[in-house]
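Please look through the structure below with its aromatic rings in mind.

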Amino acid sequence: MPVKVERDWSSLRHFKRGEFIKDPDKLSWDVILLLDEMRDAAQCPIRIHVGYDDSGHVVDSGHYAVARDFAVAVDLHFEGWSLLKQWLWAERYTWNGIGLYPHWQHPGLHVDLRRIGREHSNLGRRWWRDKDGIYKAIDKPLLRLLIETSNDI
């Protein structure tokens, strides 16, 4: 059972509890605070796809709160921003994991605060998922796709 943490949702500048699908109390408060900070600086709406989840992700996903006290991952997109701009913006923050998803209905990111150690031996990991659902390291095909679909260059 997750440890009860006092959460003052009224202290957030941009997010409301209801924007976090499923059970927002199972999502790390540090993740929520970092998202709010990132949203404040971006001055752009960020849409949450999912934070805590109980199914549908890879084994030991950061979206789960089973092997840890709280889920540490969120899937999201910045409204009106290219995927390239979203990724570069997220890199300014202390996310330990960032995944790029160019083939979602609204292309966006997975961001997480994975821990160091055996649980997540690939701290700082970056990846993307191609149109066939295959997870890959950042590579030329992704960079080419980002450039082709970006209106920011």
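**The chain and its aromatic rings**

Among the contacts in the chain with a separation of 6 or more, 55% are between residues 24 or more positions apart. The model is a predicted one, and its chain has three helices and six strands.

**Overall layout**

- Read from the N terminus on, the elements of the chain follow the order α-β-β-α-β-β-β-β-α.
- The chain has 153 residues, of which 45% count as buried.
- Its accessible surface comes to about 8,700 Å², and carbon and sulfur atoms account for 51% of that surface.

**Aromatic pairs around tyrosine 101**

- The structure holds eight aromatic pairs, and one of them joins tyrosine 101 and tryptophan 104 in a stacked arrangement, with 4.5 Å centre to centre and 10° between the planes.
- Tyrosine 101 and tryptophan 104 are both buried.
- Tyrosine 101 also pairs with tyrosine 135, and this pair is edge-to-face because the planes stand at 80°, with the ring centres 6.3 Å apart.
- Since tyrosine 101 lies in strand 3 (residues 97–101) and tyrosine 135 in strand 6 (residues 135–136), the pair ties together parts that are 34 residues apart in sequence.
- Tyrosine 101 is buried, with a relative accessible area of 6%, whereas tyrosine 135 counts as partly exposed at 39% relative accessibility.

**Other ring arrangements**

- One aromatic cluster is formed by Trp9, Phe15, Phe20 and Trp29.
- The ring of tryptophan 81 has the charged end of lysine 85 sitting over it, 4.3 Å from the ring centre.

Conventions: Residues numbered from 1 in each chain as written. Predicted model: local features only at pLDDT ≥ 70, side-chain atom pairs only at ≥ 80, totals over all residues. Heavy atoms only, no water. Phe/Tyr/Trp six-rings, centres within 6.5 Å; stacked < 30°, edge-to-face > 60°. Buried < 20%, exposed > 50% of the residue type's maximum accessible area, 1.4 Å probe, protein only. Helix = DSSP H or I, 4+ residues; strand = E, 2+ residues; numbered from the N terminus. Lys NZ or Arg CZ within 6 Å of the ring centre and 35° of its normal. Contact = heavy atoms within 4.5 Å. Areas by Shrake-Rupley, 256 points an atom, 1.4 Å probe, with all protein chains shown as cover.
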